[in-house]
Amino acid sequence: MAKKATSSAKKKSVDKTNHLTVLPLRDVIIYPHMIFPVLIGRASSLRAVTEALERDKLLFVSAQADASVDEPKIGDVYEYGTVAKIMQVLRLPNQLLKVLVEGVAHARIKKQVHNVHCLEAEIEYIKQDVVPQGKEFQAMMNRAKDLFTDYVRSSKNLPAEVVTALDGITDEYHKVYYIGANINSSVENKQKILNSRSITEQYLELNTLLSGELELLKLEEEIDVKVNDSIQKNQRKYFIQEQIRALQKELGEDDEFMGGSDSTNFRKLIDEAGMPEHVLAKANEEYERLRKTPTMSPEYGVSRTYLEWLTALPWNQTTNDNLNIENVHSVLDADHYDLEKPKERILEYISVLNLTNSTRGQILCFVGPPGVGKTSLASSIARALGRKFVRISLGGIRDEAEIRGHRRTYIGSMPGKIIQSMKRAGTINPVILLDEVDKMSSDFRGDPSAAMLEVLDPEQNHAFNDHFVEVDYDLSKVLFIATANVKYDIPLPLLDRMEVIELNSYLDIDKLEIAKRHIVPKQIEAVGLHDFNVKFTDDAILKIIREYTREAGVRQLERELSGVLRKIAKDIVTEIGNANEKTSTTTTTLRETSSFKKIANKRKVVIDVQLVDKLLKAPKFKSKAGELSDKIGVVTGLAWTSVGGDTLPVEVTIMPGSEKLTLTGKLGDVMKESAQAALSYVRANAELYGIDSEFTKGKEIHIHVPEGAIPKDGPSAGITMTMGLLSAASGKAIRGDVAMTGEVTLRGNILPIGGLNEKLLAAKRYGVIEVIVPKDNEKDIEDISPQVKEGLKIHFVSTVQEAIPFVFKDKLATIPTKANSTTKKHATV
């Protein structure tokens, strides 16, 4: 009776307190009659506990619907929760509190109460109903106890004493909360018990929750049984194998531990591989280890893979070289138009091979813009020699292990690209193309270009050591050919081991011949028009070259020609389809129809300029001939990029403002320094050119290089920016039909540049008639094709003053000096 009175008194005191601070909980539900420690660290929660301690130690605890919310509001917690009393507070380091609370009553949030410090709400206490006395409710209670007993028995985390403790609880409400607290389920599922207001609804939710959790536990048990059975089978198999091994040892047959077929196959492969002595010794050692390793051991797979690679590599297989000079010459001419210099060097190589029968020291590197035939030229060399051809793409490789292979200690390890290529080739003397050798990079995993040094060094590559193979492999009979777009991006030690052969950009006339001889026949076959009489006129191809492509090679040209032929194919198929509908043909393929044969015999398609206009619509590139007018502060420079030569217009403006130099157009550091050097030269020599020495006072100088989204760098625009500054400062116009290139020093000297051939080609495409080139590049003019120089007047100058007369339409008021009194030299071709 005393216990009931205490409980009644406690309930009466609770009823008087309906404004409580709210403590949001993460991933936990606290039920009435439950004692639970809560670790508190959020500022708002700390204030809620502090205010509760100052009042009557009561607060409302409820779980967050989303535990990831760091600063929950009243709408982020469940409406139904528990009024709890603070029993103990323990202060921890880092301003944390460990609060021991006891669930007192089932309650819900009625409405929020304004509190600037923490969450506070008006609480409605859920009145406990009179416990039903019927058989249905008794059955529900018994079912809950039975399910809970089964749950505890199946669970690995709950002791049997939990069920014993349940028998000591007489209050039905207490029972439902006790069972719910001991179920390992989600917050969402356990919250459903609190969301139920009547005792009957709570027991229904509890039974549902227990049934679901028991099903999960049964599934987990079934999975555990299956896993254990599998482990036992493997252990039994291993035990039997060990017994077989022991019996074989007694019979003197332990050599046959490895599967009989595997043993026979590997023994045969090793004997027939033709390995050198040191490799054969390694293979036999690994073979013996494999025979004595259980097949279930992880080492078995490693050793087996290693032996598979050793026996698959070519050790003495070769192809016979076709060293007939005439044959090689005819193959190269059939596959490639022009490219006389590379072809000549290849014929020299074949001649040396005829005399020495050795490829040592012969490592070629084709350097040129994309699409000029570097990769296909290497393939033609292999075809001419009768050797196997393998291509290795080095673009983007940044891991040394890609070249040298991974050590066998790593899972999934394999040889590097060099050994893989030798396996694909199947011979020890293939042609291996190292494509995009200038695109390799390095990081924390190593420098692949350093690994390539051993591959390309004739003094070392006869004993190339791959980390996976772990034996020396002879690469001395391999013909390595590398390709690159830009020579300067190749690491110097690597470049030193190769002979560079430059492939220049194609002229329009070259592209025309390539299209007629190679591209058009190939694309006609590719789109299925070989049965029709389809021809391009020369003017049509030239129009596509000049107005629909802008490239050093012919890749875009091939795409445009293919596009034209596809449109022709579409018109022909449409015409055949219409004819078939009229004749009601029942054949399955288009080529079997009479309409196809009839149209193929009669149809002649001549693709001329007008048809190109109709099919390809508006040109992609307009002619710049109209932009060659004389302008102040606008100069045409010449640039050399990885995709060929191009014009580089430079615009200079001088305007009122703060005294500074503004550079725009996505310029690199070297180009910015060239602009600063150009400005320093002009300022230092202003009076020499009749310019006010204080022309920069109170002025802002802006140098812009158009097409600002494209990165630009390099020193060869120095003379271009110098002339632009002189024009803007003097107010004199610069000739629009003149282009220039060259690096400028602070003394006005013009230094040599690279890529002269590509820059002269760009000048011809742009329509300029005069080009200013550094005098030190005069020696390079002999290597340039007469077709490139045709129609260009090339001036060779060594100083800025020498270039002035060729640049300005109206002469600048220059003061004669020793530098500009020398004879100006130019070449007219």
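Modeller: A crossing is left-handed if the near helix is turned anticlockwise from the far one by less than a right angle, and right-handed if clockwise. The crossing of helix 9 and helix 10 is left-handed. The model is predicted, so to speak of a local feature takes pLDDT of at least 70 and a side-chain atom pair counts only at pLDDT 80 or more, while totals for chains, interfaces and linings use all residues. Numbering starts from 1 along each chain as its sequence is written, and side-chain values use heavy atoms, with hydrogens and water left out.

Biologist: At what angle do helix 9 and helix 10 pack, and how far apart are their axes?

Modeller: Two packed helices are described by the angle between their axes and the distance between the axes. Helix 9 (residues 277-291) and helix 10 (residues 298-312) pack at about 150°, and their axes are 10 Å apart. Helices are DSSP runs (H or I, at least four residues) numbered from the N terminus; axes are lines fitted to C-alpha atoms over the stretch in contact, with angles from 0 to 180 degrees between N-to-C directions. Helix 9 and helix 10 are therefore roughly antiparallel (over 145 degrees; under 35 is roughly parallel, 65 to 115 roughly perpendicular, the rest oblique).

Biologist: Which residues make the contact of helix 9 with helix 10?

Modeller: Helix 9 brings Val279, Lys282, Ala283, Glu286, Tyr287, Arg289 and Leu290, and helix 10 brings Tyr300, Ser303, Arg304, Tyr306, Leu307 and Leu310; contact means heavy atoms within 4.5 Å. By class, that contact has eight nonpolar, one polar and four charged residues (Ala, Val, Leu, Ile, Met, Phe, Trp, Tyr, Cys and Pro are nonpolar, Asp, Glu, Lys and Arg charged, the others, Gly among them, polar).

Biologist: Is the crossing of helix 11 and helix 12 left-handed or right-handed?

Modeller: Helix 11 passes helix 12 in a right-handed crossing. The axes of helix 11 (residues 325-335) and helix 12 (residues 340-356) come within 10 Å and cross at roughly 155°, and the two helices are therefore roughly antiparallel. On the helix 11 side, Ile325, Val328, His329, Leu332 and Asp333 meet Lys343, Ile346, Leu347, Ile350, Ser351 and Asn354 of helix 12. This contact divides into six nonpolar, three polar and two charged residues.

Biologist: At what angle do the axes of helix 5 and helix 6 cross?

Modeller: For helix 5 (residues 172-181) and helix 6 (residues 187-195) the angle is roughly 170°, and the axes come within 11 Å. That makes helix 5 roughly antiparallel to helix 6. Tyr177, Gly180 and Ala181 of helix 5 meet Lys190, Ile193 and Leu194 of helix 6; the classes are four nonpolar, one polar and one charged.
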